[in-house]
Amino acid sequence: MTHLQRRALLKTGAALVSTASFRPSWAAQDPDVVVLGAGLAGLNAALLLEQFGLRVRVLEASARIGGRLHTLEDVPGRPEAGGSQIGAAYARVVSTAQQLGLKLETSARSPLLKDDSLVYFINGQRLTRDEWARSADNPLPPALRGMTPERALGRLVGVSPLKNIAGWADPANFGYDVPVSGELKTQGLTSAALHLLEVNNGYGTTLADTSLLNLYYVQTNIGEVVKIKGPVQNIVGGNQRLPEAMAKALKGEVRLKSRATAVNAGAKGVTVQCADGARHQARFVVCALPLPAMRNIHFLPGLPDRHAEAVQQLAYAQVTQFHLEVVKPFWEAEGVSPYLWSDGPIERIFPQDEQGNGKAESLTVWINGAGTASWDALNDTDARERLTKELARIYPSSHGAVRLVRRVAWQQSPLAGGTWANWRPGQISRYAQALGVPHGRLHFAGEHTGRAIRGMEAAMESGERAATEILGLL
Amino acid sequence: MIRRFLCALLIGAACYPVFAAGANDLQRGRIAFLRCAACHAIQADEPGKVGPNLRDALGRAAAQGPGFTYSEVLRKAGLTWDDATLKRWIQDPASLVPGTSMTYANTLNATEIQALLVFLKSQATAR
């Protein structure tokens with residue numbers, strides 16, 4: 001062996017040792033990171049990890065990319081069943097969409113969605129906004145009678161004391177993590193007013209299980225979002241095009257219908273066992289699943305107590321939607337808008353007017369919280385029958401003028417368990433610090449682990465955090 | 001193509017494996033900058049984002065540069081982006097300048113913030 005040959009061999013050997021030290025038992029085809037969940041959080045983590053040269057594989061339990069971004073292609077007007085409005089402050093969503101060549105457009109502002117055209121159907125009576133504001137049956141405090149009860153609730157709890165967007169998860173503010181019902185007790189509201197404030201509450205099923213701190217977080221979030229000037233946008237072709245484009249931009253595979261059942265972490269790596277029998281090994285795992293989906297995964301070693309408890313206990317918002325194709329714009333003959341707020345079984349209706357020209361192509365019936373249960377208990381035939389009947393109570397000429405195209409009940413999907421983390425009183429103080437903390441080789445993402453802007457942006461932010469955690473370890 | 005574009009935009013350099021690069025401050029700072037990159041450009045020719053381009057921000061008076069509309073509170077804060085001020089800012093912008101339009105919840109530790117400053121300085125135009 002010549003001197004040069006020996007040097008070459010030593011060099012190769014050093015390279016092998018170097019490689020071995022990074023991938024002790026890794027086959028060439030194994031990824032560095034397995035990401036669970038092909039929603040915005042998981043895909044953003046995957047993209048950022050790949051930018052730094054890591055090999056990533058994404059496992060998605062369903063047959064669809066996007067998670068809680070879901071554009072309903074088969075419904076006229078193509079409504080979003082999940083994340084819908086992209087504010088100017090949604091920096092990660094906007095910049096990623098732009099970098100992937102997607103076009104954003106200003107969301108059309110339908111004349112049908114004007115506040116003063118909102119129809120109220122309360123105590124079985126249909127009223128215009130002005131009629132409702134003047135109605136003797138309106139139990140809200142006089143200054144709040146011209147607004148919807150959920151907006152009134154925001155006013156009644158007062159201005160958020162949070163000094164910054166991260167303040168919701170700051171122990172200094174945990175004193176606010178109490179039922180909003182207690183806060184309202186001092187305000188002399190009637191039981192009728194309290195009942196009305198509970199209807200359509202998106203942040204709890206009752207005022208007693210709605211956290212004041214969570215409402216402050218929502219309020220601070222709105223304040224932060226409007227600071228950044230710019231239009232509310234949507235992605236041309238539907239918001240689901242974003243996660244699809246993110247998945248396409250990955251070098252690594254996004255494997256659909258791959259539902260993880262067990263995640264076993266050892267000293268050298270992690271094995272993910274899937275329901276289809278496949279096993280995936282990696283150095284790290286990013287679990288970007290909503291907590292209800294994690295309930296069906298066995299983690300070994302088990303998650304820390306507080307995290308494991310949160311997986312079981314953290315509430316998720318319940319939203320049931322019915323998407324109705326408009327066969328005939330029945331409301332025009334009645335001289336009112338289809339835009340509705342009600343204390344009855346059909347809680348709200350949003351017209352889908354994609355062009356913003358006042359011609360709704362479909363209507364979204366939107367039911368929140370406690371109101372979802374009575375609908376979710378019905379089979380499709382019974383739900384359609386009830387919907388037809390209830391709609392006709394409000395709009396007599398609606399009979400035969402709409403066709404039910406889709407029914408979505410997020411809480412019924414075992415892969416979602418609801419629309420978003422809906423912190424109950426005491427849950428922020430008990431769980432917010434525990435969620436998102438790495439557990440050995442497991443890292444966590446998902447909107448429930450976001451710290452700043454909520455919703456889609458929180459999902460993106462959490463994926464970014466999980467990616468930087470892993471990159472920081474290498 | 002898209003991937004390459006993303007890399008150039010987000011990390012200001014070609015993709016390269018962290019394994020080979022080693023964990024030096026510059027690399028750690030490059031990783032930490034992922035937490036900034038959605039809002040802040042770092043290349044001179046990058047399109048504008050939600051926040052201002054950071055390429056030449058270091059050492060300068062805060063909120064005085066061209067090409068971005070800063071919040072009034074930041075313009076009037078009289079800050080200079082020296083290391084100490086930047087560290088406080090990154091840790092909690094709203095505490096340093098109440099009412100700022102920078103919406104950020106910090107998750108970087110002191111070492112990562114220090115590395116971030118190293119990276120930002122490495123990207124600055126020579127002057």
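**Reading helix and sheet packing in a predicted model**

Modeller: Helix α14 (residues 380-394) of chain A lies across β4, β5, β13 (319-326), β14, β16 (362-368) and β17 of chain A. The helix runs at about 120 degrees to β17(A). Keep in mind that this is a predicted model.

Colleague: In what order do the 7 strands of the open sheet stand?

Modeller: The order in chain A is β5-β4-β14-β15-β16-β13-β17, with mixed pairing. At the edges are β5 (125-127) and β17 (402-409); each has a single partner strand, so one side of each has no neighbour in the sheet. From one strand to the next the twist averages 20 degrees.

Colleague: In which sense do β4 and β14 of chain A pair?

Modeller: Strand β4 (residues 119-122) and strand β14 (residues 340-342) of chain A are parallel, joined over 3 bridges. For one residue pair, take A:Phe121, whose bridge partner in β14(A) is A:Ser342.

Colleague: How should I read a pair of packed helices? What is the angle between α3 (residues 91-99) and α16 (residues 456-473) of chain A?

Modeller: Two packed helices are described by the angle between their axes and the distance between the axes. For α3(A) and α16(A) the angle is about 75 degrees and the axes are 7 Å apart. The two are therefore roughly perpendicular. On the α3(A) side the contact is made by A:Arg92, A:Val93 and A:Thr96; α16(A) contributes A:Met456, A:Glu457, A:Met460, A:Glu461 and A:Glu464. By class, that contact has 3 nonpolar, 1 polar and 4 charged residues.

Colleague: At what angle do α16(A) and helix α3 (residues 25-32) of chain B pack?

Modeller: The angle there is about 170 degrees, with axes 9 Å apart. That makes α16(A) roughly antiparallel to α3(B). A:Thr468, A:Leu471 and A:Gly472 of α16(A) meet B:Arg28, B:Ile31 and B:Ala32 of α3(B). These residues divide into 3 nonpolar, 2 polar and 1 charged.

Colleague: What does the helix α2 (residues 40-51) of chain A span, and what follows it?

Modeller: From first C-alpha to last, α2(A) reaches 16 Å, close to the 16 Å expected at 1.5 Å a residue. After α2(A) comes A:Gly53, with a positive phi near 85 degrees.

Definitions and conventions:
Residues numbered from 1 in each chain as written. Chains lettered and ligands numbered in written order. Predicted model: local features only at pLDDT ≥ 70, side-chain atom pairs only at ≥ 80, totals over all residues. Helix = DSSP H or I, 4+ residues; strand = E, 2+ residues; numbered from the N terminus. Expected span 1.5 Å × (residues − 1). Axes fitted to C-alpha atoms, helices over the stretch in contact; angles between N-to-C directions. Parallel < 35°, antiparallel > 145°, perpendicular 65-115°, else oblique. Contact = placed C-beta atoms within 7 Å. Nonpolar A, V, L, I, M, F, W, Y, C, P; charged D, E, K, R; others polar. Pairing = 2+ DSSP bridges.
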